[in-house]
Amino acid sequence: MSEITRGAACGVIVRVGVDLAKQVYQVHAVDRSERVVLARAMSPQKFLAWAATLPAGCMVAMEACGGAHHLGRELRLLGLDPRLMAGHFVTPYRVQGRSGKNDANDAAAICEAAGRPRTRFVPIKSAAQQGMLSLHRLREGYKAERTGCINRLRGLLGEFGLVFPQSPEKLRAKLGETLEDASNELPGDLRLGLQ
């Protein structure tokens, strides 16, 4: 009998805390008496296979982080009750001391926090909602990169006594003629780089 199956046989699991990472999920499961039934690391694939053996409606809690919404949707398809929570609800339950912060303590704290009545949970986003948020993040990233590029260009040109207004449109309008102007002291290789 595998370790996963033996752990599940000790008591009926009612709540699971999962600390998510890219390669390994740390799992902490308790029964109705709050006894630890399982505390171990699993690969994401083994975790989903193990989660499929849990009783229907079992709460599986995790911090709301990258990949948590996807996993929540997968667990919901298995008939489980996935719950996401903000990290600040987990922190008070983390065991401190010699062992300090580690994945096992984080999973135990997530499991503990999920069992508290005042813990507020984050709704699991649909793939469409996540896609829209991702588009917004991409757009904000492009805007920040564009602003950084404009500021870098203005700074470099300022080192040669060429001052441009902050507006992207005005910079774009004047940059071409500045690069063509042979009377300024811009070196040829910099002109090529700026183009």
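Predicted model: local features only at pLDDT ≥ 70, side-chain atom pairs only at ≥ 80, totals over all residues.
Residues are numbered from 1 along each chain as its sequence is written, and side-chain values use heavy atoms, with hydrogens and water left out. Local features need pLDDT of at least 70 and side-chain atom pairs count only at pLDDT 80 or more, while totals for chains, interfaces and linings use all residues.

The largest nonpolar core has 23 residues, and the members touching the most others are Val-16, Phe-47, Trp-50, Leu-54, Val-60 and Met-62. (A nonpolar core is a set of buried Ala, Val, Leu, Ile, Met, Phe, Trp, Tyr and Cys residues joined through side-chain atoms within 4.5 Å; buried means under 20% relative accessible area, exposed over 50%, and partly exposed in between, using a 1.4 Å probe and protein chains only.) At least two residues of this core come from each of strand S1 (13-19), strand S2 (25-31), strand S3 (36-42), helix H2 (44-51), strand S4 (59-63) and helix H3 (68-77). Helices (H or I, at least four residues) and strands (E, at least two) are DSSP runs, numbered from the N terminus. Another core, of ten residues, lies apart from that one and includes Leu-153, Phe-164, Leu-171 and Leu-186.

Now for the helix pairs. The axes of H2 and H3 come within 10 Å and cross at roughly 30 degrees, which makes H2 roughly parallel to H3. Axes here are lines fitted to C-alpha atoms, for helices over the stretch in contact, with angles running from 0 to 180 degrees between N-to-C directions. Angles under 35 degrees count as roughly parallel, over 145 as roughly antiparallel, 65 to 115 as roughly perpendicular and the rest as oblique. Phe-47, Leu-48 and Ala-51 of H2 meet Leu-71, Glu-74 and Leu-75 of H3 (contact means heavy atoms within 4.5 Å).

Helix H6 (residues 127-158) packs against H7 at about 45 degrees, their axes 11 Å apart, so H6 is oblique to H7. On the H6 side, Arg-146, Ile-150, Leu-153, Arg-154 and Leu-157 meet Pro-168, Glu-169, Leu-171 and Leu-175 of H7.

Finally, Ala-182 sits in the loop between helix H7 (168-180) and helix H8 (188-194). Ala-182 counts as exposed because its relative accessibility is 69%. Its C-alpha atom is separated by 67 Å from that of Thr-119, 63 residues apart along the chain.
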